[in-house]
Every structure is written in C-alpha cells, then in structure tokens.
Protein chains: 2
Amino acid sequence: MSATRMQLLSPRNVRLLSRGRNELFAGSSGVGYGPRVCSLTSPPLSSSSPGRALSSLSATRRGLPKEKMSENGVSSRTKVLTIDTMNPTVKKVEYAVRGPIVQRALELERELNEGMKKPFVEVIKANIGDAHAMGQQPITFFRQVLALCSYPELLNDSTFPEDAKSRARRILHSCGGNSMGSYSASQGIESVRQDVARYIERRDGGVPCNPNDIYLTTGASDGIVTMLKLLVCGEGETRTGVMISIPQYPLYSAALAELGAVQVNYYLNEEKCWSMDLSELQRSLDEARRHCNPRALCVINPGNPTGQVQSRQCIEDVIRFAARESLFLMADEVYQDNVYAEGCQFHSFKKVLFEMGPEYSDTVELASFHSTSKCYMGECGFRGGYMEIINMDEEVKAQLTKLVSVRLCPPVPGQALMDLVVNPPQSGEPSYDKFIKERTATLSVLAEKAKLTEQVLNTVKGISCNPVQGAMYSFPRITIPEKAVKEARDKGQQPDMFYCMKLLEETGICLVPGSGFGQRDGTYHFRMTILPSTDKLKILLNKVKEFHQKFTEQYS
Amino acid sequence: MSATRMQLLSPRNVRLLSRGRNELFAGSSGVGYGPRVCSLTSPPLSSSSPGRALSSLSATRRGLPKEKMSENGVSSRTKVLTIDTMNPTVKKVEYAVRGPIVQRALELERELNEGMKKPFVEVIKANIGDAHAMGQQPITFFRQVLALCSYPELLNDSTFPEDAKSRARRILHSCGGNSMGSYSASQGIESVRQDVARYIERRDGGVPCNPNDIYLTTGASDGIVTMLKLLVCGEGETRTGVMISIPQYPLYSAALAELGAVQVNYYLNEEKCWSMDLSELQRSLDEARRHCNPRALCVINPGNPTGQVQSRQCIEDVIRFAARESLFLMADEVYQDNVYAEGCQFHSFKKVLFEMGPEYSDTVELASFHSTSKCYMGECGFRGGYMEIINMDEEVKAQLTKLVSVRLCPPVPGQALMDLVVNPPQSGEPSYDKFIKERTATLSVLAEKAKLTEQVLNTVKGISCNPVQGAMYSFPRITIPEKAVKEARDKGQQPDMFYCMKLLEETGICLVPGSGFGQRDGTYHFRMTILPSTDKLKILLNKVKEFHQKFTEQYS
C-alpha cells in the first residue's frame, strides 16, 4: 500500500471494510479476505460513494464523477462500481451455509496451524453437506470410470475391471471426438439422459420417463435457479411469488432475492417432525395473494435443513393443493437415497403424481431435481445433477433449452458421474459386489450417525431434536436464556448466531445458526451435519452438550 | 399421446410448435426436439394463453384461471407457466452459436445415418469452437493428472510420470479430504489461485498479481455473466448500459438481455482488420448516454468472431478511453495463446494497464477472463476458467465473493485442469518435452489453417476475408445478390441465415450467419471455425467456394 493511500484510510473506511468482512462475507476461502484488508490497493472508500464524490467535484455528463486530484497531486478516480452503484438485488442475497461463521472457523484453523493456543485442538466443521471433506470415501467404480474417461489410454490397462471399461467406452462414444473435453449438447449428453430416464422409471415402479424431459445441470443448484428464472415475471402486486418451506435451504432465498421474486414462507410443523401442514400452506398462499402472484411451490424432501422424510399421504395432499391452486411444483429430491428411519420411505413427487391418475399426471407442472453431491456418493466437487420437467408447456420448454444453451453445457465429468449414479454396476458385473458393499457401508454409517445425533442431543436439557429421518442434517431447537438473547441483540447479532459463534470460539465446532435457514420468531435452532466420522461426531455431540449446559448456566 | 389430446391439436397449435422449434430453439441435442413435437403430453397451446383461457372461464382470485372441462369431461388445467407468463427477459435471449442452423445440421446428420440420400456424405460442423469434437487431441500430461486425481490408486502405477503424480498430489492435497469430490472454496482452490497468479505474473513480465484477486469460474462464460450481474442497476434512463463490440460473441448480448441491461453497440472496423476505433467508441458512448448509463466496456481480444489481435497501442487507447469516461473494463482474453499472424502479439489489458503507470494502474477497474476451453488445450467440456479483478472496490468484492458462494463452487476437475494450464510441465521435468511437442503441434496446425482459410476464401469473388490473426474463427464478408436478399426477406429470414441454411442443405457445411453476432446494416457475413482437420477444412473451403459461385449465379 502506498503511503498516500495509507494516509487516506480514515477510521470510517476501516469500519466499512470491517463491515464488508464480517457481515457480508460468505465465502470459505482460507486466505480469502484477511490479508486483502491489510493490503488495500483501491482508493479509500470515502471517495467511492458517488454522493460524496459529487459534492466535491464538478459533475460531468449524466452526473458521473470522473477524477479528482488527491493531496499529492496523483489523480484518483471515483470507482465505477461501488456498493452504492452495484446491482441492488445482489446485495440482498444471503447464504448462511458459507457465511461469517465458516469464515471464522477457517481463521481459527489457520491460527491453530500457526501454533496459537486455543481451548480445542481441532476445528470440526459440521456446517455443510460435504461428505468427502469429512472423510467419506468415493465409490471405487465411479472413480475408475472417471479416470478411464479422463485418460483413455487406461482402457488398455488390465487392472481395470471390464464393466468400468465398457461404461467408460459408452460415455466417451457419446462425447464429440470421444473426448470429455468436447462440449456436450446443452441439455446434456443424450445417452446420459437416456440412462437417467431409465433410472427414474425403475425408481418409480415403471412410471414412464422421456429422456427429452431430462436436463443435465451443474449440480442441483443450477437447475433450481434456472427453473426459478423461468417463473419470474410481473411487477408490484403481480410479481411472481414462490412458496418455500421455513426452515429452508438458503439457495432458495438467495436465488429469489437475486431474481427479485417474492419469497413466500410456509412453516414446517416442528411438533410433527417437520411435516408439511396443508392449513399452513393455505394460510401462507392466501396471505401472499394479497401482495404478489404466487406461482410456484418448492418442497425439499428428504428435508434440508430439517432431516424429515415426507409421507406419501403428505405428498399427495401437496400435489392436490398445487393443482387446485395453480402452482408449479418444484421438488428438490437430492437426498432420495438418504432415508434412515424405520417406517420412512422416499416417495418421489413424480411417482405419487402419476399414481393419482391423469387428472393430475396430465396437468400438474412439476420439476424435480437430483444431484451427484449427496446420497451415498457425496461427489459435490463434480457439480453433476439433473432435472426432470413434467407437463411443461412446449414453448416454455423451447425457451428453457435456448436459455441453457447460452452457458454451452454442464461440466462433462459431472455428467459422466451422473450417468454412473443412475446406471451403477448391475448384478453379475465384476464391480457389483464391491459397489454394493461400499454403498451399503456408507448408508448404514449415516443411519447410525443420524440415530446417535438425535439420541445424544435429546439428552441435553434445553435442546430438543426431531428424529433425523433422512438427508444429512439435524436441526435441533435450542433454548437460549433471555440474558443471552439480550446480549446478542445488543451486539446486533441473531441470538443463535451469538450462540454458534461462542460455541465455535470455545469448542472449535462449526455449526450454522437456524436464523440462516429461517425459523418461527422467538425460536432458535442450529443445523449440524451428521457427516463427521463416528468418533468425531461423538466428540462433537459431547462438546455441544457441555457447551449448552455451561452457556445456560452462564446466562441464567 | 391420448386421443383426446390429439383431437385438440389445431393447426394453430401446430404452427406455434413449429415456431418454437424453428425460431426459438437453440440447443444442439440430437434428439432434443423433433420427437417431442410428435409426442405432446401437454394440453394444447390454445388453452395455455391466459388471455384466451380467461374468456372461457370464470376468473378466480387474482384473475388466475384454474380448470376447465374438456369435451370428454377430463379436467384440463391451464398451465401455470406459459410463453405469455414466463420471464420476459428470458424470451429476449438469443444465442446463435447453437441456434436453428445447428439443430438442422444435427437432423441432417441423423438422416444421413438413417441412410437418407443427400448431396453430401457428411456434415462438417464449423459452427462452434469445440476443438476436441473436431479431432484435436488433449494434452497427455493434463489428462494423466486428471486421471490420477480422479482415481488416486493410480498414484501407485509406475507407468505414470513422476511430475504428473506430484502435480496430482498437490491438487488432491488442496481438496477437502484429498478428494475432487469435495466442494472447494467458492472462490476456487487456494493453491490453484496461487498458481494462476504466478502464471499471470510470468505472462505479464512481472506485473504483480494477488491470488485474492483471482476467482475460478465455470468456464469464462460464468465469470463474464457474474461480472455483468454486479454491474446492472438503475431503471429507464439510468439503467446500466454495457458497451460490446459488433460483431460480438453472443454470450454478451444474451447475458445483457437476461439481466435487462442496455446493450450498447460499438462497431469494429472491418476495413482495418476489425480493429477498435476510438472515434467509434466515442460515438457509441455519446449516443448511449442519451438513453442509459453506460458503465462498462467489453473487449474480446483476440477477437471472437472476428479473429483479430488488437495492437498494444489500441489497448492503451482503450484503457485511456475507459479511464476518461469512467467505464469498468471487461477483457475477454480466452484466446490468449491463439495468435498466428506475423507481427501480432497478445498483450493483456492488465500488462498494458500497469505499463501506463499508477494514474491508470491504481484506478482503472478491470476484470479479465481466461478459460481451459480454447488455446492449445481446447478442453471445453471441463468448464474451467478464472477471472482476475483489478481495482475492484473492497465492498463490492465482498459482495462478489458472497454471490459466488451461493452456487458453492466451480467444478473441481475444471479447477484442476485450469491449474495444469497455468502450471504446465517445466523444463527438466519428465513430461516437458512431450508437452511442448503436443502444444507446438496443435498451435502450428491452427496457424496453418488460419492462413489457408484466409487464402482460399479471398480467391472467391464476392467473399472478402480479413487475416485470421488469432482466435479460432474467420468472419468473412459475403456479397448476397439483391434477388436472394428479397427471397430471404419474403421468407422472414435474415439474408445470411438464408445463405447459410442453403449452404448446409446443399453441402452439409454448418456455419453461423453473421446476423447472429451483429454486423453493419446491409453487410453480410458468416463465422466459421478453423478447427476441422486440414483435410476437411480444404474440402469445406472448396465447397464454400463452389456454393458461393453457384449461389451468386443463381440469384443474379
């Protein structure tokens, strides 16, 4: 930083920078921000506000400030892009899963590595559904095929099983020039879409699936945002509203904020294991209709962050509700293999829709989403996913296809991986036994950890926790004493953020406050993943228990 | 399709569907649309227009139509999402590179495969910069490392070179749980960003680069759209305008349409080998200021679709212009290794900016974009890329980091590949010679084909073609006889679309009409890639020559 710059850094600027860092930052990069704050290369912020700058400058065309001379005569231009002149919808976006608490966790990790003394020896991150990062091993077969596709010379290597090779050959054959380096069709590789369609047919007991209704995506997030993008229109009272569950996965609120759509909250019933409540849906819709045009209903099943698995009856009711109220259904079903609780079963919206007969299956518009990132494979980094769209207007579908073509195609390795997920080794193939063994092991460990989490947390006075029926998360309710609520408010923090931040500083455990997902006013929660290894999970749960007891004592 | 549905298909509906297919469709999937048109599962379009539906229904709350009974008593709901009720900005999006001509090319390919007789034996696609699809081979080292990262068991395989292994170990070490299946930091893997920064420093003769200014992206497209998203604000006369070259790469117009920003055209000077003209920039800007707020200037160098390489002087002039006029600079530099013409050299905007001294390098806001998809590697399918942002306001940067966190992370295999591109084998390492040999071979073949394309096309009366100094495209100007222009207009087609469609039908050659990129009124062009193998390129060029002569005769 030049001396000139340094002199211009006023306390206000430093405060603004801190704000940027602590309140707005949501990335998780280890070095992302800290050093940058200390090595400013931009002009001081006081001159980057057009309002301020204008007062000291002769305004030019259209009121755009241009240059001014700083004290030492060096020209210092006002920034074109400032917090005041940037896209206002982007500013409204929030994403708690990678928010300030994660940033602090990374700082603590760095400090530990640098030898700083802490009341803990390691940071345990249970903030994000990132299975491999928590030690889950990839499925061998999947990775073998990906290696073969990446470097086809390996097709001559006799150590690779034949079924992996034939799968790789089939994928490569579907790629331009037999290379994963070619763009695919924007909708996704044709043979992969065919495999997805067959998978859905098997999953749904034979309900037909047309490969032309499948769009491969860059993770499920991409598909969800694309669908929401199609749905948004109107202004003011006719602006599109989208119903989302509260608690929700914050991708939904972030996308709606960015698109300028109206977020319409419906609350899940915590008392009934986070089930959907028809009367609550109706209340939410009726209220929303007074100020916007609700057009879509989003459901996450199995639930994120709440870990519930909706019953078949509930899904049928929701479909009937959507049909009656003319709502486009969006079913986020990325945890479809993550069902642990006895008596629970995954029912796809598509299957239930078709079982309800043509009155529904011919008319209700549905988009459902799946991903390579969750279930037993947990391959988040490959950004694979698909969506199936049902009963979409043909002209809209043409627009959708056009829209996705602008970004050319989803990553081809992610498409290949999606193909393997929907078309894994079959009985009789050389890799079958190993595949089943690996899949079963991962899912049964997850089921154990789901049970363990519920059990331990429910032994703590002031924490109550629904069963983790599915997905990868527990979302327990926590009692926060009045004194702590007050202290948090005084600090300008949400009480559960205050709680989680304190937990992190004292124990090294990184959870996400419930306020990042939404919750009923006056209630507090946190989301924790069940992904740490069983040993670490036990440590984590005991530390949470101790912390909660201590915290409660301290503030009562 | 049910009989009921079939009966409801009126000629109007069929026409609408055709419109969807021929004018709106822009995907490139082989099976994408054709079969679907014949297997409608949605209600007829005449009932999906709310206006029409309303007239026959008792309007419900907020005027939303609900259900009606069709003739046989089956309930048939009006669609929630129709062409009339979808996001209007999405409808405005166009993307010629995967437009109707490509769709037709795929149909022709299918027809040929089915044994249908055509006046050609194969379809030659020169519509998209998709090198591997046209037979270019991947760099062995890159693919070895990707295979090692995908299936780390291979680290024990002695047939892989040590430098590939050490590179793979370093990448894996930077991944959570040592797996590419983990999410990375949203800004990208830290070690990759460090390697990118060192690459930029080497490329730019030592101009410093901070890894915190690097954001890894899902191809360059992702970075460009993200930057544009930050810049858009205001309404009416204060709406953000973005200056783009004409001809342009249609990602820009598509993104601006989707974001509702104002596209501000400046024309490249075809007479001076598609150079940028300062007086034209000024004209464009001054005109735009009458109706919007131009805030950014986009430059593609080397040029797409026009293949020029801007001179250092030109870049300096452009930077001075941007500084004077308070414009945020966006430099699309994805073809930075694709420079063929003698006397031409790639100059990065960053380097020139810093050579201009602190008056500029401390103030001008610049984002530059790179990708794994072009240059000598041509790895489009992996969707790797990065952007470097310079002089961005710190608060805006925090917002950018937050925004990218919502989508979690760019695909990790693409990040790994980007790492290899910026940190390829070094002299003395086992893979170095092979890497240099492969890279040189690819680039010199491209240089030959650039020359060949220019030479052959310029022998055709009625075609004139600037030298292909860089990138992967030629954008020749074609003379279209008045009679052909009239026939095209009568058909509601752009004359160069008419020309290219005819070329495709008669020769099997797939090019993109100039109208998809923008051109001066009354001029016509096409874009062709120089990517087909030399043999095929010769065939292609001769066929274009013959076709043009015949076409000219026919219509004069």
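Me: Let's start with one side chain: does B:Cys175 count as buried or exposed?
Reply: Buried means under 20% relative accessible area, exposed over 50%, and partly exposed in between (1.4 Å probe, protein chains only). B:Cys175 comes in at 8% relative accessibility, so it counts as buried. Bear in mind that this is a predicted model, where local features need pLDDT of at least 70, side-chain atom pairs count only at pLDDT 80 or more, and totals for chains, interfaces and linings use all residues. Residues are numbered from 1 along each chain as its sequence is written, chains are lettered from A and ligands numbered from 1 in the order in which they are written, and side-chain values use heavy atoms, leaving out hydrogens and water.

Me: How many disulfides are there over all chains?
Reply: Look for a pair of cysteine sulfur atoms within 2.5 Å. Searching the whole structure turns up zero. Take B:Cys149: the nearest cysteine sulfur belongs to B:Cys175 and sits 7.0 Å away, so by that cut-off B:Cys149 is in no disulfide. B:Cys149 is also buried, at 1% relative accessibility.

Me: At what angle do helix α7 of chain A and helix α7 of chain B pack?
Reply: Helices (H or I, at least four residues) and strands (E, at least two) are DSSP runs, numbered from the N terminus. Angles run from 0 to 180 degrees between N-to-C directions, with axes fitted to C-alpha atoms, for helices over the stretch in contact. Here the two α7 helices, residues 140-150 in each chain, pack at about 180 degrees, with axes 8 Å apart. That makes α7(A) roughly antiparallel to α7(B) (the label for angles over 145 degrees).

Me: Which residues of α7(A) and α7(B) make the contact?
Reply: With contact meaning heavy atoms within 4.5 Å, α7(A) brings A:Arg143, A:Leu146, A:Ala147, A:Cys149 and A:Ser150, and α7(B) brings B:Arg143, B:Leu146, B:Ala147, B:Cys149 and B:Ser150.

Me: Where is A:Asn391, the one with a phi near 60 degrees?
Reply: A:Asn391 is in the loop between β10 (384-390) and α16 (394-406) of chain A, and at 4% relative accessibility it counts as buried. B:Ala471, not a glycine, has a positive phi of about 60 degrees and is buried as well, with a relative accessible area of 0%.

Terms used. Parallel < 35°, antiparallel > 145°, perpendicular 65-115°, else oblique.
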